[in-house]
Amino acid sequence: MEQDALVRLVKMQGEKLDRHDELLKEHEKELELMKEHNDTEFQSMKGAIDMLSTSIKSSLEEVNESNKYLREQNTQILNAIIKDSGDKFELKKLKWTKVFEICLTIFGAGGIAFLVIQWIMEIYKTR
């Protein structure tokens with residue numbers, strides 16, 4: 001009897017080992033499928049990243065060109081403003097120079113007229 005029990009126990013353990021081997025083989029197949037799927041997915045992601053990288057690089061080059069154009073425009077505008085400011089300063093300088101000359105002329109002419117009138121009055125007083 002003991003021998004039959006041992007045979008049955010060995011047989012049961014053998015069946016367990018066979019089942020365990022089958023499960024290990026299925027698990028290895030699943031792992032292999034997952035690895036293939038991950039490799040495919042990785043390649044797909046890598047392709048998408050490469051496309052995005054190319055797109056971003058292209059966009060950055062366009063932005064760089066746009067910035068270059070805007071810098072050139074800003075330089076032209078700034079130069080025009082500086083030139084215009086210089087011209088306005090010259091105009092203001094000329095304007096105040098002319099105002100000063102006109103004031104001198106008015107007061108000078110008025111002063112001369114006052115002196116002439118004063119002189120004529122002195123002549124009449126003395127007579």
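## Accessibility and the nonpolar patch

A residue is called buried under 20% relative accessible area, exposed over 50%, and partly exposed in between. Ile120 has a relative accessibility of 36%, so this residue counts as partly exposed. The model described here is predicted.

Ile120 lies in helix 1, which covers residues 2-126. Together with Val116, Trp119, Ile123 and Tyr124, Ile120 makes up a nonpolar patch on the surface. The accessible area of these residues together is about 520 Å².

## The negative patch

A patch of negative charge is also found on the surface, formed by Glu61, Glu62, Glu65 and Glu72. Glu62 has its place in helix 1. Its relative accessible area is 55%, and therefore Glu62 is exposed.

## Salt bridges

The whole structure contains two salt bridges. One of them joins Arg19 to Glu22, with 3.5 Å between the closest N and O atoms. Arg19 and Glu22 are about one helical turn apart because they stand three residues apart in helix 1. Both ends are partly exposed: the relative accessible area is 44% for Arg19 and 43% for Glu22.

A salt bridge also links the side chains of Asp39 and Lys35, at 4.0 Å from N to O. Asp39 and Lys35 are four residues apart in helix 1, so about one helical turn separates them. Asp39 has 41% relative accessibility and counts as partly exposed.

Methods. Residues numbered from 1 in each chain as written. Predicted model: local features only at pLDDT ≥ 70, side-chain atom pairs only at ≥ 80, totals over all residues. Heavy atoms only, no water. Patch = residues over 30% accessible without salt bridge, like charges linked within 9 Å, V, L, I, M, F, W, Y side chains within 5 Å. Areas by Shrake-Rupley, 256 points an atom, 1.4 Å probe, with all protein chains shown as cover. Helix = DSSP H or I, 4+ residues; strand = E, 2+ residues; numbered from the N terminus. Buried < 20%, exposed > 50% of the residue type's maximum accessible area, 1.4 Å probe, protein only. Lys, Arg positive; Asp, Glu negative; His and termini not counted. Charge placed at Lys NZ, Arg CZ, Asp CG, Glu CD.
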